[in-house]
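I keep these entries as I look things up in the structure. They follow the order in which I went through it.

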Amino acid sequence: MKMSLKPIQEIVGADPRYRWDYLGASVPKPSKKLRSVWYFGLPLTSAHRDAHDAGNAMLDGRSEEERHLNEGSVYPHAALVEMITYQDRCFPDLPWRYIDMSHLDWQHVRTAINEDPPDVAAFTVYTATTLWAMIVAAEIKRVNPKAVIVFGNDHAGILYQETLTGKYGSRLVDFISTGNNGPFTMMGLLTHLQGGLELSQVPSVAYRSAGGEVVNQDAGTFPLDRRILPDYRLIIDQLEKHYDRAFNVWYSQHYDLKRMVTVPLDGGCTWGKRPGRRCKHCSIQGLTPKTTDVASAIPVLENIVGDIGANVYAAGDSTLGFSREQWEGNISYLNDMAEACAKSPILQKHRFMLAYGLVYEFLESAELCKGFVRTWNVGLEAFDPKLLKADSKGINKGPERIGEALELARDLDYKLYASGIMGLPGTTMKNLKTEVNSWLSMADEYRDLITSISVAAPGIIPGSRMYWDTYNESPQVRAWHGEILPARRMTALYIRENTEVELEDVEAAITDLRNGILQINGPMEHMKFGYYMLGGRDEDEAAEYRLLEEICAQLD
C-alpha cells in the first residue's frame with residue numbers, strides 16, 4: 001500500500017511492475033559484493049523514561065529491573081527478524097547483524113560501528129524512536145560515508161517525503177520502505193545494490209532521484225498467506241542473552257514457557273463490512289483483514305513452542321476478530337487455527353499465544369480460543385462509553401460489558417493484558433477520577449488474571465485518524481510537522497482542544513493509577529504497569545539532539 005499522511009484504503013496483491021519471487025527463483029550472481037547488513041531496533045528517546053522505559057541508551061551499568069523497565073523489551077522485532085529470515089535464504093553468504101538498542105547502551109553500539117561499520121543498515125522507525133534512528137544512522141555515515149541507510153515502519157513510511165527532504169534525513173537516509181512489504185523491499189534493495197536488479201523493480205520504496213525529486217514506488221501489500229514467517233532460531237543467542245531476561249522480569253510468574261517471540265499471524269481490521277461499527281481510524285483507512293496460511297503457520301509455531309520453548313505474541317491488529325462466529329461467518333481463521341492446534345501433538349499441550357481483541361471480539365471468540373490462547377491483550381480503551389462514542393468501534397458499551405468479558409476470562413482461565421487511554425475527547429476532571437477508580441477496582445478484583453495494565457494519553461502520531469484531523473484543523477500542528485515530531489506538544493494541544501483538562505492532569509491521573517497498582521501488588525509485584533511517555537521535557541533528550549548535531553557536523 002502507498003503510505004501517506006492521509007489514511008487510505010489498503011490494497012492486497014502482487015503488483016506485476018515489481019519483483020516478488022526471491023525464494024523460488026535464482027538470485028542473479030552479484031557484480032558487486034556487500035560486506036554486511038545490520039538491522040536495528042531502537043530505544044525510545046530518554047525522555048520517555050519512568051514506568052515505561054525502553055532502556056536509556058546513554059547509560060550503562062544498570063540492574064536487570066532498570067534495563068528492562070519497558071515491557072516492549074520482552075519482544076524481538078518481528079519485522080526485522082522476518083527480513084533476516086529472507087536474507088538468510090536469499091543471500092546465505094551475506095553477513096548480517098541484529099541489534100536491539102533496548103538492550104544495548106549507545107557506547108557499545110558506537111564502538112561496534114567504529115570497529116566494523118556495515119555497508120547497509122535497516123531501521124524500524126516509530127515516531128518515538130526517530131531521534132535515535134537519526135543518531136545511529138549519522139554515526140554509520142560518519143564512519144562509512146558510502147553506507148546505505150534504509151528506514152522503515154509506520155513513521156518513516158508515512159513521512160517519507162518529510163524524511164528524505166528533512167534537515168537530517170536528506171543527509172542520512174537513502175531509502176524508505178513505504179508499505180507493508182518489508183522483506184520484499186529489503187531483498188530488492190540488496191539485489192539492486194549488488195548489481196542484480198533495476199531499482200525500478202523494487203516495491204514499496206521511496207528515494208531521491210538523481211535530480212533530487214522524491215520518488216515513491218508504491219505497491220499493494222503482498223499477501224500474508226504467501227510469505228514465510230520469521231525464523232527465531234537465527235537470533236537464539238539474542239533471546240538467551242537479552243529477551244529472556246526481560247521476560248523473566250515481566251512475565252515469568254504468568255507463563256509456563258519462559259520466553260516470548262512475535263509472529264505476524266494477522267493484520268487488518270474485521271470491521272470493514274460494518275461501517276457503522278468501525279472506529280474513525282478504520283472507517284477512513286479501510287484496513288483490510290489479512291491472515292497467514294494456517295497450514296504453513298503450524299510447523300513454524302510447533303518449532304517456536306516445541307523447540308525454542310517460546311510463547312507467541314500474535315502481532316496483528318485484531319486477532320480475536322478472525323473467527324466464523326463473527327461477520328456472517330465469512331472469516332474462519334481462528335476456527336482453522338484452533339482445529340490445527342488441537343491436532344498438533346506439540347501445540348495441543350500448551351496455551352501459548354498472546355492475542356489482541358476488543359471486548360466484543362473476545363466475547364465472541366473466547367471459548368473457541370481457550371485451547372491455545374494464554375493471554376487476552378484487551379483494548380478496554382475506557383470505562384465511560386461517552387468517551388468512546390466518537391472515536392471507538394462502539395463495542396465497549398461500558399462497565400457491564402467489560403465485566404461480562406472479565407468474568408468469562410476468569411471462567412476460561414485466561415490471563416489479561418489490559419490497555420486503555422486517558423484524555424479522550426470529552427474528558428473532565430470528574431471523568432479522570434472515575435476512570436482511575438474503575439481501573440483500580442478492576443485491578444483489585446481480577447488481580448489473579450492480570451499480567452499488565454498499560455494506560456496512556458492519546459498518542460498523536462502519523463497513521464492515526466487523530467493526527468490526520470489535527471493536522472487539517474490546526475495551523476500549529478502543520479507548523480510542527482516534519483521528520484521528527486514533538487509528540488508531547490501535539491498530544492498536549494489535542495487534549496487542550498478536545499477536553500476540559502490538560503495533559504498534566506492526564507499524566508497526574510496515570511501516576512495515581514500506577515501508585516494504586518503498586519499498592520495492590522504488595523511486595524510480590526506480579527502485576528506490571530506501563531505507560532507511554534511522550535518525551536520533550538528533560539535534559540537527556542536535549543543531550544540526544546546535541547549528540548545528533550555533533551555527529552552531523554563531522555559528516556563529509
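Entry 1, a strand pair. I looked up Thr 262 and found that it stands opposite Tyr 313 in strand β11. I note here that the model is a predicted one. Thr 262 belongs to strand β8, residues 260-263. I then checked how β8 is joined to β11, which covers residues 311-314. The two strands run parallel, and four bridges join them.

Next I asked which residues of β8 are buried on each side. Met 260 and Thr 262 are buried on one side, and Val 261 and Val 263 are buried on the other.

I looked up the number of aromatic pairs, and the count comes to 20. One of the pairs I took up is Tyr 86 with Phe 184, whose ring centres are 5.5 Å apart.

Where do Tyr 86 and Phe 184 lie? Tyr 86 is in helix α2, residues 78-90, and Phe 184 is in helix α8, residues 182-193. The pair therefore ties together parts that are 98 residues apart in sequence. I checked burial as well: Tyr 86 and Phe 184 are both buried. Ring pairs also link these two with Trp 20 and Phe 222 into a cluster.

I looked up how helix α19, residues 487-498, packs with helix α20, residues 503-521. The angle is about 100 degrees, and the axes are 8 Å apart. Angles of 65 to 115 degrees count as roughly perpendicular, so that is how I describe α19 and α20.

On the α19 side, the contact is made by Arg 488, Thr 491, Ala 492 and Ile 495. On the α20 side, Leu 503, Glu 504, Val 506 and Glu 507 take part. I sorted the residues of this contact into four nonpolar, one polar and three charged.

I looked up Ala 457, which lies in the loop between β15 (450-456) and α17 (465-473). Is Ala 457 buried or exposed? Its relative accessible area is 10%, and buried means under 20%, so Ala 457 is buried.

I then listed its contacts, leaving aside neighbours within four places in sequence. Ala 457 is in contact with Ile 421, Met 422, Thr 491, Ile 495, Leu 503, Val 506 and Ile 510. I also looked up Gly 423, 34 residues from Ala 457 along the chain. The C-alpha atoms of Ala 457 and Gly 423 are separated by 5.7 Å.

Key
Residues are numbered from 1 along each chain as its sequence is written. This is a predicted model: local features need pLDDT of at least 70, side-chain atom pairs count only at pLDDT 80 or more; totals for chains, interfaces and linings use all residues. Side-chain values use heavy atoms; hydrogens and water are left out. Buried means under 20% relative accessible area, exposed over 50%, partly exposed in between (1.4 Å probe, protein chains only). Contact means heavy atoms within 4.5 Å. Axes are lines fitted to C-alpha atoms, for helices over the stretch in contact, and angles run from 0 to 180 degrees between N-to-C directions. Angles under 35 degrees count as roughly parallel, over 145 as roughly antiparallel, 65 to 115 as roughly perpendicular and the rest as oblique. Ala, Val, Leu, Ile, Met, Phe, Trp, Tyr, Cys and Pro count as nonpolar, Asp, Glu, Lys and Arg as charged, and the others, Gly among them, as polar. Two strands pair if DSSP finds at least two bridges between them. Rings of Phe, Tyr and Trp (its six-membered ring) pair if their centres lie within 6.5 Å; planes under 30 degrees apart count as stacked, over 60 as edge-to-face and the rest as tilted.
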